[in-house]
Amino acid sequence: MKPSVKDNKRKAILDAATELMVLKPTATLQEIADHAHIGIATLHRYFSTRELLLDALALNAIGLVDEALAGILNDDSDMLRFLTEVFEVLIPLGSKMSFLSFAASVEENPDILAEEARVKQPLREAVEGWQTRGLLNAAMPAHWMITVMYNLLFVAWQEIQNGNLAKNDAPQLLVSTVIQGFGTPGRSGS
């Protein structure tokens, strides 16, 4: 089904808002309207409050993550390949996801939290499976590992944006960080 004009306008507003909020997380609705090249009244027809806009941005980002992960979450037998593919598809979504780390209202919305948990569930199941098979530390909570992975994604995206990390190098660096941490392989801290 072809998107309607209204759907296209809404998507354009969300794209412009995402773009601006990456640069200026405290952007006002007026600033977002200006950045989207629309009037404030038009913005208000779509999103009457900043919180509703943030919620829509969060749900949009979660939907994009869901779409990106749909093709790879079916086979978790090869942990390194699986994690590399997860990072490869999620790194390009960094700009769409980055505002989630500072949007407090998003964390108060039970619908968004439920959607985020649903999208993360296959990754949680994969991590728990790897823990059971002895590939990951079973003493560490799976929730902690997934939270760290998502936060590493944010950091990688910021480093790519700042020119400190090549986009093509990021997935392998993330996998290495998740699997090996910062320690020297084969050496303890003594």
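Me: Let's begin with the second largest pocket. Which element gives the largest share of its lining?

Reply: That's H9, with 5 residues. Keep in mind that this is a predicted model. The lining has 14 residues, and Met140, Met145, Thr177, Val178 and Ile179 lie nearest the centre of the pocket. H9 and helix H10 (170-180) are the elements that give two or more residues to this lining. The space in there comes to about 270 Å³.

Me: How do the residues of that lining divide into nonpolar, polar and charged?

Reply: You get 11 nonpolar, 3 polar and no charged.

Me: Now Arg133. Where is it, and why is it called partly exposed?

Reply: Arg133 sits in the loop between helix H8 (110-132) and helix H9 (142-161). Its relative accessible area is 45%. Buried needs under 20% and exposed needs over 50%, so 45% falls in between and Arg133 counts as partly exposed.

Me: What makes the approach of the Arg133 side chain to Ser77 a polar contact?

Reply: The side chain reaches the backbone oxygen of Ser77 at 3.3 Å. The cut-off is within 3.5 Å, so the pair qualifies. Leaving out residues up to four places away in sequence, Arg133 touches Asp76 and Ser77.

Me: How do you know that the span of helix H4 agrees with what its residues should give?

Reply: H4 covers residues 50-70, which is 21 residues, and at 1.5 Å a residue they should span 30 Å. The end C-alpha atoms are 30 Å apart, so the two agree. Its buried residues include Leu53, Ile62, Val65 and Leu69.

Definitions and conventions
Residues numbered from 1 in each chain as written. Predicted model: local features only at pLDDT ≥ 70, side-chain atom pairs only at ≥ 80, totals over all residues. Heavy atoms only, no water. Helix = DSSP H or I, 4+ residues; strand = E, 2+ residues; numbered from the N terminus. Buried < 20%, exposed > 50% of the residue type's maximum accessible area, 1.4 Å probe, protein only. Contact = heavy atoms within 4.5 Å. Polar contact = N/O pair within 3.5 Å; in protein donor to acceptor, adjacent residues only side chain to side chain. Expected span 1.5 Å × (residues − 1). 1 Å grid on protein atoms, 1.4 Å probe; cavity = no way out; pocket = protein on both sides within 12 Å on 5 of 7 lines; lining within 4 Å. Points joined across faces, edges and corners; volume = space filled by probe spheres on them. Nonpolar A, V, L, I, M, F, W, Y, C, P; charged D, E, K, R; others polar.
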